[in-house]
Amino acid sequence: MDYALIGGTGLEHFSLTEQSVVSVETPYGEVKAVIGKLAGQELVFMSRHGQNHAVPPHLVNYRGIIWALGELGVRKILATAAVGSLSADYRLGDLVLIDQFLDFTKNRPQTFYDGGQQGVLHIDLTEPYCRDAQKVIIKAAKNLGLVVKNRACYVCTEGPRFETPAEIRMFRILGADVVGMTSVPEVVLARELGMCYATLGMVTNEAAGIADHPLSHAEVMKSMKELEIRVAQLIQATFEL
Ligand code: HPA
């Protein structure tokens, strides 16, 4: 099974044909995945936050998820992520390919290589996100007449709270375009297993202090609902290529 789709916030379910649920034992606990077909292609679907968005970003079993995908033979992962925008270049409803990240997480295991028997590994992240996968997504978007913005820098916060306006001002100065809570360590762990990993961001809100109102998870979910059809079309078209 070469391909996987990791569904983020608002993409807790994704309908595949011939689908079945499998349980994978990993060193990080049991992980459930859906196996099925999309556009005739075999695919694993994994909901990052669980079926009902029950797992918050700081408690997602990132190592379990990526390990399980490795066990299932996955080599290429497309992940989705709801993001807030820090820049006028990225507007509400935009689809964005993430190109770089800034890591402001605080308390997450970030490696499979904890020393001892597991050894030590220092991976290269000059290009953290897989260019080949990005090219396919861009082509699929073109075929559909959808615009996907490229080269966004994602700042990953620990969550589950949203940021303060002062933090957002700092992240802007540091070069972040969009903010989310999950791409790190997911992208890092996928690279440790040598997988091709790309993230499709969906701008669900303006970041704190840019928006003229307080943020809420409900706002993010409402925006995701509005993006749902476009995102599903793009994912389908990507797997058709
Ligand atoms: N901040 C952090 N994570 C997010 C946001 C945000 O504004 N929007 C969607 N995920």
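Which does E18 count as, buried or exposed, and how many C-beta neighbours does E18 have inside 10 Å?

A: E18 counts as exposed because it has 8 C-beta neighbours inside 10 Å. The scale behind that word calls a residue buried if 20 or more other C-beta atoms lie within 10 Å of its own, exposed if 12 or fewer, and partly exposed in between, with C-beta atoms placed from the backbone. Please keep in mind that this is a predicted model, where local features need pLDDT of at least 70, side-chain atom pairs count only at pLDDT 80 or more, and totals for chains, interfaces and linings use all residues. Residues are numbered from 1 along each chain as its sequence is written.

E18 sits in strand β2 (residues 17-26). Helices (H or I, at least four residues) and strands (E, at least two) are DSSP runs here, numbered from the N terminus. The backbone of E18 deserves a look too: its phi is positive, about 50°, although E18 is not a glycine. A39 also has a positive phi without being a glycine, at about 55°. A39 belongs to the loop between β3 (29-38) and β4 (41-47), and it is partly exposed because 14 other C-beta atoms lie within 10 Å.

L5 counts as buried because it has 24 C-beta neighbours inside 10 Å. Leaving out residues up to four places away in sequence, L5 touches F14, L43, F45, L78 and I235; contact means that the C-beta atoms of two residues, placed from the backbone, lie within 7 Å. The largest nonpolar core holds 68 residues, and A4 and V178 have the most contacts inside it. Such a core is a set of buried Ala, Val, Leu, Ile, Met, Phe, Trp, Tyr and Cys residues joined through C-beta atoms within 7 Å. Beyond its neighbours within four places in sequence, A4 meets L43, V44, M46, L69, V74 and I77.

Next, the ligand. Its surroundings comprise 14 residues, with A82, G84, V179, G180 and M181 the closest; a residue is near the ligand if its C-beta atom, placed from the backbone, lies within 6 Å of it. β5 (76-85), β8 (178-180) and β9 (196-206) each give two or more residues to this shell, and β5 gives the most, with 3. By type, the shell has 8 nonpolar, 5 polar and 1 charged residue. Here Ala, Val, Leu, Ile, Met, Phe, Trp, Tyr, Cys and Pro count as nonpolar, Asp, Glu, Lys and Arg as charged, and the others, Gly among them, as polar.

T157, in strand β7, touches V179 and M181, and also F104 and E163, not counting residues up to four places away in sequence. T157 counts as buried because 25 C-beta neighbours lie inside 10 Å.

The UniProt record, an unreviewed entry, annotates T9, R48, H49 and T182 as "binding site". Although these residues spread over 174 residues of sequence, they cluster in space, with a largest C-alpha distance of 9.9 Å. UniProt positions follow the numbering used here, feature names are shortened, and annotations may be inferred rather than shown by experiment. H49 lies in the loop between β4 and α1 and is partly exposed because it has 19 other C-beta atoms within 10 Å. Apart from neighbours within four places in sequence, H49 is in contact with T9, E12, A54, V55 and V60. T182, in the loop between β8 and α4, is buried because it has 29 C-beta neighbours inside 10 Å. With neighbours within four places in sequence left aside, T182 is in contact with G8, R48, P57, V60 and A81.

Finally, helix α4. Since 9 of its 10 residues are buried, α4 is largely enclosed by the rest of the structure. Its cover includes α1 (62-71), β5, β6 (95-104), β7, β8 and β9. P185 lies in this helix (residues 183-192), and the peptide bond from V184 to P185 is cis, with omega near 10°. Another cis bond runs from G159 to P160, with omega near -5°; P160 is in the loop between β7 (148-157) and α3 (165-174). After α4 comes G194, with a positive phi near 75°.
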